[in-house]
Amino acid sequence: MSLRAAQKQMTYDLFLEKALELFGEKGYAATTVDHIAQAAGSTRTTFYLHFAGKAEVMAALLEKVDRILTSADDPSLSEVVESGSPELIRTWIDRKFSQWDEIKPYLTASFQATHEPAVNERTESWFEHAVGEMSQGLERAGRFTPDVRRVRCVLAFGQLEYLSRRYFATGWKVPREVYLEQLTGSWVHLLTE
């Protein structure tokens with residue numbers, strides 16, 4: 001990578017870092033492009049060389065979250081569902097729980113940006129991708145009919161997504177292990193029985 005390209009990447013990353021900090025401090029709506037540029041020690045003009053606006057910054061932050069979440073998936077969600085193994089399901093869910101503290105600032109900001117069509121699209125795409133992976137696992141395993149597969153996957157992944165939002169808002173109200181066992185049991189019921 002050339003020096004110029006490296007500097008450009010550093011500036012891009014700094015804008016993302018400062019935007020995430022500001023979204024956490026001020027909230028998404030109250031943070032302006034000028035705030036982000038100033039926090040990065042830059043200008044509005046330079047900001048617009050990298051991003052079309054705040055929604056594009058949020059989309060880039062969500063891409064980062066996606067990389068964080070999927071980089072640890074071995075085996076993949078599709079393979080876990082295909083296996084039908086309660087232990088693999090439990091391990092996969094536990095790994096997601098372990099990632100929640102790292103991704104909390106990103107997703108908290110994205111929840112505040114729901115009025116942005118690009119953010120909604122990205123969030124919906126994310127959900128649909130996960131449901132698609134799960135459905136593929138069920139299809140390969142030969143469990144359930146296609147319409148039932150999708151419903152079961154939407155219900156299972158929807159539980160995980162809702163629980164993550166509750167965790168971000170209030171933390172664990174009972175021991176994490178209780179949530180893990182109950183969610184695992186629900187996924188086993190929905191995806192294997």
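Helix 4 and helix 6 are roughly antiparallel to each other, because angles over 145 degrees count as roughly antiparallel and theirs is about 175 degrees. This is a predicted model, and the legends below describe computed features of it.

**Figure 1. Packing of helix 4 against helix 6.** The axes of these two helices lie 10 Å apart. Helix 4 brings Met58, Leu61, Leu62, Lys64, Val65, Ile68 and Leu69 to the contact. From helix 6 come Lys96, Gln99, Glu102, Ile103, Tyr106, Leu107, Ala109 and Ser110. Sorted by class, the residues of this contact are ten nonpolar, two polar and three charged.

**Figure 2. The whole chain, for orientation.** Along the principal axes, the C-alpha atoms fill a box of roughly 55 × 40 × 30 Å. Of the 193 residues in the chain, 42% are buried. Among contacts with a separation of 6 or more, 71% are between residues 24 or more positions apart.

**Figure 3. Packing of helix 8 against helix 9.** The angle between helix 8 and helix 9 is about 165 degrees, and their axes are 9 Å apart. The two helices are therefore roughly antiparallel to each other, and helix 8 passes helix 9 in a left-handed crossing. On the helix 8 side, the contact is made by Arg152, Cys153, Leu155, Ala156, Phe157, Gln159, Leu160 and Leu163. On the helix 9 side, it is made by Tyr179, Leu183, Ser186, Trp187, His189, Leu190 and Leu191. This contact has eleven nonpolar, three polar and one charged residues.

**Figure 4. Helix 9 and its buried residues.** Helix 9 covers residues 176-192, which is 17 residues. From its first C-alpha to its last, helix 9 reaches 23 Å, close to the 24 Å expected at 1.5 Å a residue. Its buried residues are Leu180, Leu183, Thr184, Ser186, Trp187, Val188, Leu190 and Leu191. What covers them includes helix 5, helix 6, helix 7 and helix 8. Four of the buried names, Leu183, Ser186, Trp187 and Leu190, are also among the residues of helix 9 that contact helix 8.

**Figure 5. The cis peptide bond at Pro75.** Most peptide bonds are trans. The bond joining Asp74 and Pro75 is cis, with omega about 10 degrees. Pro75 sits in the loop between helix 4 (54-71) and helix 5 (77-83).

**Figure 6. The backbone at Phe144.** Most residues other than glycine have a negative phi. Phe144 is not a glycine, yet its phi is positive, at about 70 degrees. Phe144 lies in the loop that runs between helix 7 (117-141) and helix 8 (146-170). With a relative accessible area of 22%, Phe144 is partly exposed, because buried means under 20% and exposed means over 50%.

**Figure 7. Surroundings of Gln112.** Gln112 belongs to helix 6 and counts as partly exposed, at 34% relative accessibility. Leaving aside residues up to four places away in sequence, Gln112 touches Phe23, Gly27 and Tyr28. Phe47 is 65 residues from Gln112 in sequence, and their C-alpha atoms are 21 Å apart in space.

Notes. Residues are numbered from 1 along each chain as its sequence is written. This is a predicted model: local features need pLDDT of at least 70, side-chain atom pairs count only at pLDDT 80 or more; totals for chains, interfaces and linings use all residues. Side-chain values use heavy atoms; hydrogens and water are left out. Buried means under 20% relative accessible area, exposed over 50%, partly exposed in between (1.4 Å probe, protein chains only). The expected span of a helix is 1.5 Å times one less than its number of residues. Contact means heavy atoms within 4.5 Å. Axes are lines fitted to C-alpha atoms, for helices over the stretch in contact, and angles run from 0 to 180 degrees between N-to-C directions. Angles under 35 degrees count as roughly parallel, over 145 as roughly antiparallel, 65 to 115 as roughly perpendicular and the rest as oblique. A crossing is left-handed if the near helix is turned anticlockwise from the far one by less than a right angle, and right-handed if clockwise. Ala, Val, Leu, Ile, Met, Phe, Trp, Tyr, Cys and Pro count as nonpolar, Asp, Glu, Lys and Arg as charged, and the others, Gly among them, as polar.
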